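Open the structure in your viewer and keep the selection tool handy. We will go one selection at a time and look at what is there.

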Amino acid sequence: MAKHSPVDPKALVSHGDVPKFDNNAVFGKMDDVHGLIDHGYEEYEHEQSLVDDEDAERSYEDWVRSQSPKPEIEAIAEEIRMEVERGHLIADERGAVDTKTPEQRARALRVLDSLALILPARIATEELGDYIGDINRRAAAGQSCWKIYLRMLAAMFWTGVNAVGYFLKEIWTRKAA
Amino acid sequence: MSPTLDTRTALLAALIEGESYGLELIERVKKNSNGALKIQQGRVYPVLRALEAEGLLESYDGDPLPERGGRPRRYYKLTAKGLRAARENAKAIFGLFAPALGRA
C-alpha cells in the first residue's frame with residue numbers, strides 16, 4: 001500500500017469549483033478517501049510499470065485527470081477538494097498527501113469544530129483558527145498523535161478559559177453602561 | 001532561570017517589526033529573544049484584545065485559509081499611540097538594564 005500518494009490537492013482543487021462542505025460526509029468518509037487514494041495510486045503504478053518509453057510516463061495528477069470521468073477517480077478528486085477546503089487534508093513539503101495521522105487529526109479537528117459552535121465568534125475564528133493551523137502544521141511535520149491530541153486539549157482549555165473571560169467582560173461592560 | 005517580561009510589553013515590542021497574527025507573534029517573541037522568552041498561546045489573545053480596546057492596536061481579518069479550517073487570520077498592527085507606547089517601553093527597559101550591560 002502506498003504510504004504517500006503524490007497527489008497535489010491544490011492542483012486538483014484548481015479544477016472546478018470547490019463543492020459545498022458537508023461535515024458528516026467528510027468525517028464519515030475519511031477512511032474511504034484514503035482507501036480510494038491508495039487504490040488509485042496502485043492502479044497508476046501498475047499502469048506506469050507497463051510503460052517502456054520514459055517519455056510516455058505521466059505524473060499521477062495527469063493520470064488522475066486522464067481517468068475522468070471514471071467514477072472512482074472523480075470521487076477521489078471530489079473528496080480531496082472537500083477536505084482541502086475544510087483543512088482536513090494537507091500536502092506535505094513534497095506535495096504529497098500526508099497519511100501518517102489523518103484519523104487523529106480529523107478527530108482533533110472534529111472536536112474543535114464542535115467546540116467552535118459554543119464559543120464567541122471572535123474566539124472561534126481567531127484563537128481556534130490558530131490552534132487548527134498549528135495542529136495541521138504539526139501533523140504535516142510528522143509529529144506523533146499524542147502531541148496532536150495534547151494540542152487539541154490545550155486548545156480546548158485556553159479557548160474555554162478565554163471564552164469565560166470574554167463573557168464576563170461583556171457582562172461587566174453592559175452593567176457599567 | 002529564564003528571563004521574564006510581561007506578555008503585553010513583549011507583544012508591543014514584537015509588533016514594532018510589523019503587523020502580524022497571534023501564532024506568528026509568539027514565534028517572533030521567541031526568535032527575537034533567542035528562545036529565552038516563551039509566551040503561552042492562550043494568554044496572547046486576551047492581551048491582544050485588551051491592547052486593541054485601549055487603542056494601542058488595530059486589527060482586521062485576512063482571507064479564509066484552508067489550513068485553518070476555512071477561518072481567516074486576525075492581523076494586528078500598532079496604532080500611532082501603540083507605537084509611542086512600545087518605544088517608551090523600550091526606552092524604559094534599556095534604561096533599567098543599562099548598568100547591567102555596562103553602558104551609561
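Predicted model: local features only at pLDDT ≥ 70, side-chain atom pairs only at ≥ 80, totals over all residues.

Stop 1: Select residues 102-116 of chain A, which form helix α6. With 15 residues, α6(A) reaches 21 Å from its first C-alpha to its last, close to the 21 Å expected.

**Stop 2: its two sides.** Now show side chains and pick R105(A), A108(A), L109(A), L112(A) and A116(A), which are buried. These residues are on the same side of α6(A) because they cover an arc of only 95° around the axis. Turn to the other side of α6(A) and you will find E103(A) and S114(A), both exposed. Among the elements that cover the buried residues are α7 (121-140) and α8 (145-176) of chain A.

**Stop 3: the neighbouring helix.** From α7(A), colour A124(A), L128(A), Y131(A), I132(A), I135(A) and A139(A), which meet residues of α6(A) including L109(A) and L115(A). By class, this contact has eleven nonpolar, no polar and one charged residues.

**Stop 4: the other chain.** Finally, bring in chain B: 20 residues of chain A are in contact with 15 residues of chain B. On the chain A side, α5 (71-86), α6, α7 and α8 each give two or more residues. The largest share, nine residues, comes from α7(A). By class, this side of chain A has six nonpolar, seven polar and seven charged residues.

Definitions and conventions. Residues numbered from 1 in each chain as written. Chains lettered and ligands numbered in written order. Helix = DSSP H or I, 4+ residues; strand = E, 2+ residues; numbered from the N terminus. Expected span 1.5 Å × (residues − 1). Buried ≥ 20, exposed ≤ 12 C-beta atoms within 10 Å, placed from the backbone. Arc of directions from axis to C-beta. Contact = placed C-beta atoms within 7 Å. Nonpolar A, V, L, I, M, F, W, Y, C, P; charged D, E, K, R; others polar.
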